[in-house]
Amino acid sequence: MGRRRSKDDREHFVGNWDPQNARDFMSYTISKGYEIDSYELGNELCGSGVSGRIDADQYGKDMITLNELVKELYPNGSQRPKVLGPAGFFDRKWFETFLQISGPNVVHGLTHHIYNLGAGVDLALIDKIQDPYFLDQVAQTYRNIWMTTKTFGPWAGAWVGESGGAYNSGGKDVSHTFVDGFWYLDQLGMTSTFDHKVFCRQALIGGNYGLLNTTTFIPNPDYYGALLWHRLMGKEVLSTTHDGSPYLRAYSHCSKNKDGGVSMILINMSNSTSFDVSIINDMNFYLDSHNKEADSGPEPREEYHLTPEGGNIQSDVVLLNGTPLKLTESQDIPEMNPKLANPSYPIHIAPDSIVFVTLKGFRAPACVEDQ
């Protein structure tokens, strides 16, 4: 409400946003006792826009209006929803201007959208997903977003507000299958490296890229990958490098439960080459000599090997340590227990596989509390 189309360009909208509809909607949700996490103004209106666009300075002013409305209707700061924007594709100058106009502490999350795999109908979709050089191309966008936030909006965190890999509902025989995990989990690792706080997956249900089957609601492989990431990977991101093939991706975080432990993900995009990985820290050791359990030997390493059923990367069924992950008779998520391994032995990563690893004895300084 309140906007009008420009006389010279039908896709260019001008005029101040009228928040009356938003006020009515928010008031209704409050009256119902609904808990709202965040509000976002518009969709894909930044930069050149998608079917419509708004100038950065106008959007910045409108976000100030939205923020004031949220503060008015939610006076209790501890229960106040976040304010997010601009919910579109990154345009450096537009984003910089928007942050300068809206000013400090208006936007909580600087949201941008990513569909770096292109169209879902692309016959080369699988090839893109398994091409590390192609996947690396989007890293510059994440770096630019990170630097823009750091320079012009340090009060806001960078968010991937929407991403399904391939646009137009994803790839019919690709986005809901095991192979999509190479793209998805690599994106989680990459965005974390560039200080993104949130990655919103398109979608939980719907299209070909849903985390759940759209008719049965049975989890697709990416659901289990996301669940393991949530359970194992903490918020502190560690610098991780390796001197092997680019088809092997590696990301490390402090473990979710911390205690000095490290959790990492190793992604083998090669369909023919296996890797044996030995893990060291910058001082070429990781077993904690001061561990109270050192006399009884180091704690076992926990490994979660994800592979496709039958070796078919387009399978909807994912195996955990060789066992299919399927709902229980009561329709609950199955137990997802690790395989225990001697931490002094290399980690074996089979072709076309994803491995989560937790090292309880690593003792990375960033992961040790009360140093």
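A disulfide is a pair of cysteine sulfur atoms within 2.5 Å. By this rule, the predicted model holds 1 disulfide. Its partners are Cys254 and Cys367, with sulfur atoms 2.0 Å apart. The torsion about their S-S bond is about -85°, so the disulfide is left-handed. Cys254 sits in strand E12 (residues 248-255), while Cys367 belongs to the segment after strand E20 (353-359). The pair therefore ties together parts that are 113 residues apart in sequence.

Turn now to a sheet. Strands of a sheet pair through backbone hydrogen bonds, either parallel or antiparallel. Here 3 strands make an open sheet, ordered E1-E2-E4, and the pairing is mixed. Strand E1 (4-5) and strand E4 (53-54) stand at the edges. Each has a single partner strand, so one side of each is left without a neighbour in the sheet. Strand E2 (residues 12-14) pairs with E4 in the parallel sense, over 2 bridges. Phe13 stands opposite Ile54 in E4.

Next comes a pair of helices. Two packed helices are described by the angle between their axes and the distance between the axes. For helix H3 (residues 92-102) and helix H6 (residues 139-152), the axes come within 10 Å and cross at roughly 25°. Angles under 35 degrees count as roughly parallel, so H3 is roughly parallel to H6. The crossing of H3 past H6 is right-handed.

Which residues in H3 and H6 meet? H3 brings Arg92, Phe95, Glu96, Leu99 and Gln100. H6 brings Asn144, Ile145, Thr148 and Phe152. The residues of this contact of H3 with H6 divide into 4 nonpolar, 3 polar and 2 charged.

Conventions
Residues numbered from 1 in each chain as written. Predicted model: local features only at pLDDT ≥ 70, side-chain atom pairs only at ≥ 80, totals over all residues. Heavy atoms only, no water. Pairing = 2+ DSSP bridges. Helix = DSSP H or I, 4+ residues; strand = E, 2+ residues; numbered from the N terminus. Axes fitted to C-alpha atoms, helices over the stretch in contact; angles between N-to-C directions. Parallel < 35°, antiparallel > 145°, perpendicular 65-115°, else oblique. Left-handed = near helix turned anticlockwise from the far one by under 90°. Contact = heavy atoms within 4.5 Å. Nonpolar A, V, L, I, M, F, W, Y, C, P; charged D, E, K, R; others polar.
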